[in-house]
Amino acid sequence: MHKEHVSSKYVNITPSRDECVYTSCYCEENVWKLCEHAKTQTQIHLDEVYAVFISNERKMIPIWKQKSSRGDEPVVWDYHVVLLHQNQQGQSFIYDQDTVLPFSCPFHVYTTEAFHTDHGLKPAFWRKLRVIPADTYLKNFASDRSHMKNADGTWRMPPPLYPCIETTDSKMNLDDFISMDSKVGCGHVYSLSEFVKHFAEK
């Protein structure tokens with residue numbers, strides 16, 4: 001359906017969707033694993049790759065075209081994470097393992113069909129995006145997965161089978177990445193319109 005939008009010159013920087021490391025409801029770790037894969041690929045310049053956290057102050061962000069969507073309705077997440085690749089030719093592609101859109105998906109297709117615009121939405125649903133260079137994300141992100149545990153210690157959703165991602169400085173800093181306070185955490189925080197303008201194909 002969307003093949004006409006995909007440049008024949010663009011080559012995916014990840015394995016196929018089915019071959020990627022994936023755990024449902026752990027998008028921050030899924031994207032960390034995509035960044036880890038990109039780092040091992042000699043033909044990829046890691047400074048072209050970014051982890052993108054999507055959230056807002058209310059932690060209510062609508063995203064369309066998700067696998068868990070019902071019909072044409074959006075899913076309202078507290079946060080979501082995707083991978084962004086902007087290559088030296090100025091092409092921008094989004095990798096979202098939870099979308100029904102292509103993997104990878106041309107930037108303008110994804111932002112139009114998955115984000116729509118904030119126009120017409122109540123301010124509580126306006127999206128913000130924290131864009132973190134992949135190398136920075138790999139070096140700084142840590143999660144002990146405690147956000148996915150119930151009060152009695154049971155898992156809300158089964159965790160990944162591999163060990164928790166941690167750094168020498170932290171075992172859990174996920175909230176700093178979800179936060180859309182520009183004074184907190186790594187990377188740069190954009191409004192949706194700023195993000196689209198900044199990373200649209202040149």
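Which helix gives the most to the lining of the largest pocket? That would be helix 4, with three residues. This is a predicted model, where local features need pLDDT of at least 70, side-chain atom pairs count only at pLDDT 80 or more, and totals for chains, interfaces and linings use all residues. Residues are numbered from 1 along each chain as its sequence is written, and side-chain values use heavy atoms, leaving out hydrogens and water.

**View 1. The largest pocket, about 360 Å³ in volume.** A pocket here is an open set of points on a 1 Å grid over the protein atoms alone, with protein on both sides within 12 Å along at least five of seven lines; lining residues have an atom within 4 Å of a point. Of the 20 lining residues, Cys25, Cys27, Trp77, Asp78 and Tyr79 sit nearest the centre. The lining splits into nine nonpolar, four polar and seven charged residues.

**View 2. The second largest pocket, with about 240 Å³ of space.** Val11, Gln43, His85, Asn87 and Gln89 are the closest to its centre, out of 14 lining residues. By class, that lining has four nonpolar, eight polar and two charged residues.

**View 3. The largest cavity, holding about 50 Å³.** In a cavity, a 1.4 Å probe fits but cannot get out. Helix 1 (27-40) and strand 4 (80-86) each supply at least two lining residues, and helix 1 gives the most, with four. Among the lining residues are Cys27, Leu34, Val81 and Tyr95.

Note on methods: Grid points are joined across faces, edges and corners, and a volume is the space filled by probe spheres set on the points. Ala, Val, Leu, Ile, Met, Phe, Trp, Tyr, Cys and Pro count as nonpolar, Asp, Glu, Lys and Arg as charged, and the others, Gly among them, as polar.
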